[in-house]
Amino acid sequence: MNGKTIPDEVVEKLIHLADWAPNHGKTEPWFFFIYRGEGLSTFSKAHAELYLQNTAEDKRNDATYERLLHCTDKVSHLVIAVMKRGINPKIPQFEEVAAASAGVQNILLGATAMGIASFWSTGGMTLQPALKNYLQLAEEDLVLGMLFLGYTDEPLKEGVRTIPMSEKTKWL
Ligand SMILES: Cc1cc2nc3c(=O)[nH]c(=O)nc-3n(C[C@H](O)[C@H](O)[C@H](O)COP(=O)(O)O)c2cc1C
């Protein structure tokens, strides 16, 4: 990414696309933390500190710490996508994850359509309880990933798929 800033109103439109994801039982089980401006560096510092505090001394390394500290330097907005468990216990957890993930896909498709670069990551502390705790989420909630949004000077990369569709479909 090249460090250029997406207007907040545009990111807001993308987040609103997520709100139209299909969901079972009208639970709307998604929540988004949106970091921008100084919020980005504040979060990245916290993320790197969480890594230090929650990684055993023999597993820690300076390169990872630095990577986490700087991974939003050229990013416009960072969206943390969460499956926020709905109030209907009859809806199985996987359906809530599926619905919230469909919302994430809406964001990514919208971003691509608007010429915005995006990247869905579960790197760093994304899947660790420490991050969930930092975000003050409930036990039953789930962080689905970090969505890095920004502009890029690089051309859109050609998609790569290695497993043919014939191996992933069965017509009956
Ligand atoms: C839930 C999820 C988590 C992901 N986490 C990572 C990650 O931590 N690091 C990474 O390099 N790619 C990760 N990816 C893959 C990238 O987001 C992206 O899908 C991949 O680079 C291929 O993109 P393309 O198929 O659009 O070319 C993740 C994808 C998903 C769906």
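Helices (H or I, at least four residues) and strands (E, at least two) are DSSP runs, numbered from the N terminus. This is a predicted model, in which local features need pLDDT of at least 70 and side-chain atom pairs count only at pLDDT 80 or more, while totals for chains, interfaces and linings use all residues. Residues are numbered from 1 along each chain as its sequence is written, and side-chain values use heavy atoms, with hydrogens and water left out.

**View 1. The loop residue Lys26.** Lys26 sits in the loop between α1 (8–18) and β1. Its phi is near 50 degrees, a positive value in a residue other than glycine. Lys26 is exposed, with a relative accessible area of 75%. Here, buried means under 20% relative accessible area, exposed means over 50%, and partly exposed lies in between (1.4 Å probe, protein chains only).

**View 2. The loop residue Gln136.** Gln136 belongs to the loop between α5 (129–134) and β4. Phi is positive here too, near 55 degrees, and Gln136 is not a glycine. The residue is exposed, at a relative accessible area of 71%.

**View 3. The whole protein.** The protein has 5 helices and 4 strands. Along the sequence they follow the pattern α-β-α-α-β-α-β-α-β. The C-alpha atoms fill a box of roughly 55 × 40 × 35 Å, taken along the principal axes. Of the 172 residues, 37% count as buried.

**View 4. Strand β2 and its cover.** Which residues cover each face? On one side are His77, Val79, Ala81 and Met83; on the other are Leu78, Ile80 and Val82. Both faces are covered.

**View 5. The partners of β2.** Two strands pair if DSSP finds at least two bridges between them. Strand β1 (residues 30–36) pairs with β2 in the antiparallel sense, over 7 bridges. Look for Tyr35: its bridge partner in β2 is Leu78. Strand β4 (residues 142–150) also runs antiparallel to β2, joined by 7 bridges. There, Val82 stands opposite Val143 in β4.

**View 6. The two sides of helix α3.** Helix α3 covers residues 62–70, and its buried residues are Thr64, Tyr65 and Leu68. Why do they lie on the same side of α3? They cover an arc of only 100 degrees around the axis, which puts them there. The arc is that of the directions from the helix axis to the C-beta atoms. An α-helix has 3.6 residues a turn, so residues three or four places apart point the same way. On the other side of α3, Asp62 and Ala63 are exposed.

**View 7. The shell around the ligand.** Phe119, Trp120, Ser121, Thr122, Gly123 and Arg161 surround the ligand. A residue is near a molecule if one of its heavy atoms lies within 4 Å of it. The shell divides into 2 nonpolar, 3 polar and 1 charged residues. Ala, Val, Leu, Ile, Met, Phe, Trp, Tyr, Cys and Pro count as nonpolar, Asp, Glu, Lys and Arg as charged, and the others, Gly among them, as polar.

View 8. A polar contact is a pair of N or O atoms within 3.5 Å. A backbone N or O atom of Trp120 lies 2.6 Å from a ligand oxygen atom. For Ser121, a polar side-chain atom is 3.4 Å from an oxygen atom of the ligand. A polar backbone atom of Thr122 lies 3.0 Å from a ligand oxygen atom. Taken alone, the ligand exposes 630 Å², and the protein buries 42% of that. These areas come from the Shrake-Rupley method with a 1.4 Å probe.

Conventions:
A polar contact is a pair of N or O atoms within 3.5 Å; within protein, one must be able to donate a hydrogen and the other to accept it, and residues adjacent in sequence count only if both atoms are side-chain atoms.
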